[in-house]
2 protein chains.
Amino acid sequence: MSSNVVNMRDHKQPAADKEAIDRLQAMTADDMQLVNETILKRMDSPVALIPELAGHLISSGGKRLRPMLTLASAKLVGYEGKRHIGLAAAVEFIHTATLLHDDVVDESNMRRGKKTANLIWGNQPTVLVGDFLFSRSFELMVESDSLRVLKILANAAAVITEGEVLQLTTANDLTTSEEKYLEVITAKTAVLFAAACEVVGVVSEQGAEVESGLEAYGRYLGIAFQLVDDALDYSAKQATLGKEIGDDFREGKVTLPTILAYRRGSEEEQKFWKSTMERRKQAEGDLEKAIDLLSQHGTLNDTIERARHYGNMAKDSLAIFRDSPAKKALIDIVDFCVMRAY
Amino acid sequence: MSSNVVNMRDHKQPAADKEAIDRLQAMTADDMQLVNETILKRMDSPVALIPELAGHLISSGGKRLRPMLTLASAKLVGYEGKRHIGLAAAVEFIHTATLLHDDVVDESNMRRGKKTANLIWGNQPTVLVGDFLFSRSFELMVESDSLRVLKILANAAAVITEGEVLQLTTANDLTTSEEKYLEVITAKTAVLFAAACEVVGVVSEQGAEVESGLEAYGRYLGIAFQLVDDALDYSAKQATLGKEIGDDFREGKVTLPTILAYRRGSEEEQKFWKSTMERRKQAEGDLEKAIDLLSQHGTLNDTIERARHYGNMAKDSLAIFRDSPAKKALIDIVDFCVMRAY
């Protein structure tokens, strides 16, 4: 087996259907226009630094994947009201607030190919503007006039931060079980994907089966998405997406590729992982060696395989819905999320 | 006029009625027991660091003034339900989340005579546990089953952070107008006091007059409270409360005592203020000189006089309620808040 990370291509998978995201975007474009207007209106403030700092990240060309899921779910269930617009904006605000705080917490300098807010304006306003967006997201939820929606989203917000603290405390433990790792990524990523979809089930009042179908779809998609993200962090493909490679390694953030490589490694390899990731003693060439070990043990491929498994579960969660362009788009986006690693 | 800060006593004011706070505590003790149980239950998490870090601040002997206002307001209006308990806990959670983030933002080392969470555990978990408490506060609000209550508290949370960003961007501008300063302290402090009281008016369903009476009481009390806090930061009295003196000066945080001293000062004095507070060039003895100037221009006394004015407005806001032990306690606590400077 080649020691090159791009060995993820060895599986001879079809290339990612890049048009899947375009089709989803086209399908939700009208509603997304309204979501963007809501976002701009609600992040505004007479305190000029707030829209300036928030806008820096919000307008930085993120895919708006989470609000898009809310909008596509509305199409899927044939919802004809307007409450999904504010909820999609609320979901994006929660996500943005989390990113702002993450960048402070991780002392990041770059995100989406731009300097981070904390680098430009410092930690102080970045923490506070995160809080501001958090509060605004709750105001948007309140306007949905549904206490069940509020419960789902408020709980999601609490679980996200709980997951991040859990990650912080278990982050550099190489003996983390796969179960614990799944618990972390479910909390920090998948729960918001799930909520983004589930709330549409609630406001469209189509009963428990629809709600739990949407919830499961979002949750499994979120798990698959994060698994792929964690594999991409060691993949040459990452560079083509405008992101740096090896962030998790440098931060000593243990994810499935390294958990599996540690478990499968020789005694000497385990020493290497312990020294570089747990004790953060890293020298020139260590990242390359780490990527080499991941390749030798095939853990990037296996991580993507896990993602494919959860992706399949996401697709099956949509079985209760009749065929429609929206259903096809939601299924295709699962493949896109999994395949973007190739 | 003496150049000693304790000249705040020159007015021959009666000493603060320290028993006022004891009486309020006694009156709300049974309910506060339930609030404390709710707080402990809701800050709990399988992620052990969360209750550990949150508990460090929450159990650090704060006065619980804000939730106490919620409980006393419930007594005032004769509310017989149970929804004020969760709301009081939500208010304390918002306050605690704000303090955790403030300490990260201000890089503080001490609060309430203890090491701050950021000093003990670092910025990362402190930011995240703040977010966690913020989310939990929203879950508690949601359980109040009242969308109006949610609107009030979610808006308060947004305004608080807006006020803090405003303070950050205007903080070391000595030409800040008194109006702008009032705007900042209303946002960062008084709005939560107001919400803590107003929500009781909503859940007790006693109409708009009761709601706006409670809101005004809380808001004016909050303004008075913050004015006194800002005076105390330069007062020898502060030391007796277990707090360090001169934090605002060191951080270049312009408050009413310095705004007035700058405005009333000679050209030479204005140079001193500009150099020490705007450019943060501070040397040994500068804090003492600053306190001396505040004393010479009587700006600490005048700040307390402003506080007394807003305190009186707080008391008058209660005129619509018939006399009761709760009303007396809420009036006495205004005096306590103003007088604690003496």
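1. Ser73(B) counts as buried because its relative accessibility is 0%, where buried means under 20% relative accessible area, exposed means over 50% and partly exposed lies in between, with a 1.4 Å probe and protein chains only. The residue sits in helix α4 (residues 65-76) of chain B; helices here are DSSP runs of H or I with at least four residues, strands are runs of E with at least two, and both are numbered from the N terminus. Leaving out residues up to four places away in sequence, Ser73(B) touches Cys197(B), Val200(B), Leu214(B) and Leu330(B), a contact being heavy atoms within 4.5 Å.

2. A word on the basis of these values. This is a predicted model, in which local features need pLDDT of at least 70 and side-chain atom pairs count only at pLDDT 80 or more, while totals for chains, interfaces and linings use all residues. Residues are numbered from 1 along each chain as its sequence is written, chains are lettered from A and ligands numbered from 1 in the order in which they are written, and side-chain values use heavy atoms, with hydrogens and water left out.

3. Chain A as a whole has 17 helices and two strands, and its C-alpha trace spans about 60 × 50 × 30 Å along the principal axes. For 342 residues a compact globule would have a radius of gyration near 20 Å, and the 20 Å of chain A agrees with that; the radius is taken over C-alpha atoms, and the globule rule is 2.2 Å times the number of residues to the power 0.38.

4. Of the 342 residues of chain A, 62% count as buried. Among its contacts between residues at least 6 apart in sequence, 76% join residues at least 24 apart. The chain exposes about 13,300 Å², of which carbon and sulfur atoms supply 48%; such areas come from the Shrake-Rupley method with a 1.4 Å probe, and for residues only the protein chains shown count as cover.

5. As to charge, chain A carries 41 positive and 51 negative side chains, and the centres of the two sets lie 2 Å apart. In this count Lys and Arg are positive, Asp and Glu are negative, and His and the chain ends are not counted, with each charge placed at NZ of Lys, CZ of Arg, CG of Asp or CD of Glu.

6. Aromatic rings deserve a separate point. Rings of Phe, Tyr and Trp (its six-membered ring) pair if their centres lie within 6.5 Å, and planes under 30 degrees apart count as stacked, over 60 as edge-to-face and the rest as tilted. By this rule there are twelve aromatic pairs over all chains. The pair of Phe134(A) and Phe134(B) is edge-to-face, because the ring centres are 6.0 Å apart and the planes stand at 80°. This pair crosses between chains, from helix α7 (residues 123-142) of chain A to helix α7 (residues 123-142) of chain B, and both Phe134(A) and Phe134(B) are buried. Ring pairs also link Phe134(A), Phe138(A), Phe134(B) and Phe138(B) into a cluster.

7. Gln124(B) also lies in helix α7 of chain B and, with a relative accessible area of 30%, is partly exposed. Not counting residues up to four places away in sequence, Gln124(B) touches Val105(A), Asp106(A) and Leu168(A). The C-alpha atoms of Gln124(B) and Val104(B), which are 20 residues apart along the chain, are separated by 9.1 Å.

8. Two further buried residues of chain B may be read together. His95(B), in helix α5 (residues 83-105) of chain B, counts as buried at 12% relative accessibility and, leaving out residues up to four places away in sequence, touches Arg66(B), Arg112(B) and Leu192(B). Thr176(B) belongs to the loop between α8 (147-170) and α9 (178-203) of chain B and counts as buried at 8% relative accessibility. Apart from neighbours within four places in sequence, Thr176(B) is in contact with Thr170(B), Tyr181(B), Ile259(B) and Arg263(B).

9. Backbone angles call for a check at two loop positions. Most residues other than glycine have a negative phi. Asp145(A), in the loop between α7 and α8 (147-170) of chain A, has a positive phi near 60°. Arg280(B) has a positive phi near 55°; this residue lies in the loop between α14 (267-278) and α15 (286-296) of chain B and, at 46% relative accessibility, counts as partly exposed.
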